[in-house]
Protein chains: 2
Amino acid sequence: MQTAAIGEIGLECGVSLPAVEIAYEAYGTLNERGDNAILICHPLTLDAQADVWWQPLIGPGKVLDTRRYYVICSNVLGGCAGSTGPQAHRPFPLITIRDMVRAQKQLLDRLGVKLLQLVLGGSMGGLQTIEWAVTYPSFVKRCAPMATSGQLSALAIGYNHVMRSAIENDPVHGLALARKIGMITYRSFELFEARFGREIKQEDASLQDTWFQIESYLEHMGDKLNGRFDVNSYLCLLKAMDLHDIGRGRGGAVAALERIEAEVLWVGIDTDHLYPPQEQRMWAERLRQSGKQVTYCELSSPYGHDAFLVEGQQLSKFITDFLRETGGN
Amino acid sequence: MQTAAIGEIGLECGVSLPAVEIAYEAYGTLNERGDNAILICHPLTLDAQADVWWQPLIGPGKVLDTRRYYVICSNVLGGCAGSTGPQAHRPFPLITIRDMVRAQKQLLDRLGVKLLQLVLGGSMGGLQTIEWAVTYPSFVKRCAPMATSGQLSALAIGYNHVMRSAIENDPVHGLALARKIGMITYRSFELFEARFGREIKQEDASLQDTWFQIESYLEHMGDKLNGRFDVNSYLCLLKAMDLHDIGRGRGGAVAALERIEAEVLWVGIDTDHLYPPQEQRMWAERLRQSGKQVTYCELSSPYGHDAFLVEGQQLSKFITDFLRETGGN
């Protein structure tokens, strides 16, 4: 992983953040024209190492073919995996999704990228993806937002709110609880039923000592994140998501969508509780009504919201077809 | 509201609970044969006052017609609205749904009820309803479980687990947080979107001061429950739900269902996240495969899991038709 000093950033909240550093991974080689780049935007608790968490998509011969494309993924501004965030500055200013995108743009400028063949990402990465296409229309040839929104929904704000409350109530164990709440919303009824059902930890446990496997799983996931993620960064990113609204200061969402020049592949997930398929279809439809080129595809998966991280094969096919149909491959 | 002393109860966990009292409401008059009774089982945070929270269903000329039926609703064992629970005994023993049903049976025996024309309830009340039909087959002529299950799912256990964690992490504010988590799962994406969307409290608030209406709503719901509900009772009832399994000690769920003699109206909700419609249809199908008379109806509503408390008109029609088709009206 590398780190780039990208200078000062004027944040949407009015504060100026000096000497910003952005951690990133790059795969493949940037061509001389600087126009063969692909940008991956990571979701809430992941980082710049996209070749780890999106392994099926990135590499020689894969859909994000590193023999052909210069594939970049950077840790978000406000994150805790190498980029400037609450660990470096206290108090850390309010960050928005637009600020994250602006930081990524300053990074790409420094790297000599002139055009993005594709911006893609799911969930919080999808918020950035759609923001990219609106903020820098001529810089983005294609974009693929997944399991995401142009304006965070009340349901998603509600879940962010309770995760925030968990941390406020108990700064020591709160992040683990927030993660446990998150994990339930990221998966589906079917998956939990198939994987855990009513299995208990000790088969011969008395009623009093009954501890279900789903509980062990959630505990484990909570503890794991607690050990690797900064709680202030988590709060910072949740707030950025809540505030995400492509229409802010642009005359509303529809007017914002009209700025887009990119061809769009919008990806929904049939079992997504947090960004349900009807919301995904609505955004695709809004784009279509704004006269944009948009392809809507839906992952069929028991993995719920997390399907965009799991269903590499389906996703590869969607992206391959999209690239081919839009002259990219 | 009245309170009845129902004596000692031998609990499923092995403990014997002496001098149990059960608070109840009764509407209408029990006939001489004692066979015109209807029992309503309340959900997690409600109480015996069914004429308040199920007002569209109960009264003269309504579907649960008090000129014809003797309609009873009692606060559950372990509750905090008049019945024996953690406020009376410390430490309070482990309670199961079966124990709640046994306590209700002892109450009905004391009141002279010989046969239930109908047992009905949703969510935790539905767990009791189906348990009633299995535990006392010849006592229950009809039953109508709603938005519920014969064995609590992994997803529902997961949500109960995080609500429990919230209380363990912060005994003072934890119940409010648990309620906030609960409220999100009880409603639907569509409802929150239509009612709150991205409305903020102060229209001209800066980004820093943005406070969404959905957050105010959740805060309000959390505080409200915190003021009226006992936290130990809440924990006791969550655990009872987790442990709910009609098949325990009976050779599994299918064998348990085969005991049922009642005609069954199973009610699902199309937008239920917590007890999703596919789960509801599965239980109806299982009953059918066990050779039982079962009618499956689905509420169409944006209210999610809470629809069984809101959609009085649809529910009245389902129950009216069911009673007519099974010779009850």
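**Cis prolines**

I started at Pro91(A), which sits in the loop between strand S6 (70-74) and H2 of chain A. The peptide bond from Arg90(A) to Pro91(A) is cis, with omega near -5°. I then looked up chain B, where Arg90(B) and Pro91(B) are joined by a cis peptide bond with omega about -5°. Pro91(B) is in the loop between strand S6 (70-74) and helix H2 (97-111) of chain B.

**Ground rules**

This is a predicted model, so I note that local features need pLDDT of at least 70 and side-chain atom pairs count only at pLDDT 80 or more, while totals for chains, interfaces and linings use all residues. Residues are numbered from 1 along each chain as its sequence is written, chains are lettered from A and ligands numbered from 1 in the order in which they are written, and side-chain values use heavy atoms, with hydrogens and water left out.

**Positive phi**

I looked up two residues here. Ser123(A) has phi near 55°, a positive value in a residue other than glycine. Ser123(A) lies in the loop between strand S7 (116-122) and helix H3 (124-135) of chain A, and at 9% relative accessibility it counts as buried. My cut-offs: buried is under 20% relative accessible area, exposed is over 50%, and partly exposed is in between (1.4 Å probe, protein chains only). Ala19(B) is not a glycine but has a positive phi of about 50°. Ala19(B) is in strand S2 (residues 16-27) of chain B and is exposed, at 60%.

**Salt bridges**

How many salt bridges are there over all chains? My search of the whole structure gave 34, counting a side-chain nitrogen of Lys or Arg within 4 Å of a carboxyl oxygen of Asp or Glu. Side chains of opposite charge can pair when their charged atoms come close.

I checked Arg67(A) with Asp65(A), where the closest N and O atoms are 3.0 Å apart. Arg67(A) is exposed at 64%, whereas Asp65(A) is buried at 12%. In chain B, Arg67(B) bridges to Asp65(B) at 3.0 Å.

Arg102(A) and Asp99(A) also form a salt bridge, at 3.5 Å from N to O. They are three residues apart in helix H2 (residues 97-111) of chain A, so about one helical turn separates them. Asp99(A) is buried at 0%, and Arg102(A) is partly exposed at 24%. I also found a salt-bridge network linking Glu12(A), Arg98(A), Glu131(A), Arg248(A) and Arg250(A).

Next I looked at helix H5 (residues 174-186) of chain A against helix H4 (residues 154-169) of chain B: their axes come within 10 Å and cross at roughly 165°. That makes H5(A) roughly antiparallel to H4(B). For the record, axes are lines fitted to C-alpha atoms, for helices over the stretch in contact, with angles from 0 to 180 degrees between N-to-C directions; under 35 degrees is roughly parallel, over 145 roughly antiparallel, 65 to 115 roughly perpendicular and the rest oblique. Contact means heavy atoms within 4.5 Å, and the H5(A) residues that meet H4(B) include Leu177(A), Ile181(A) and Ile184(A).

**Ser316(A)**

My last stop was Ser316(A), in helix H12 (residues 312-325) of chain A. Ser316(A) is buried at 14%. Leaving out residues up to four places away in sequence, Ser316(A) touches Pro56(A), Leu57(A) and Val63(A).

Key: Helices (H or I, at least four residues) and strands (E, at least two) are DSSP runs, numbered from the N terminus.
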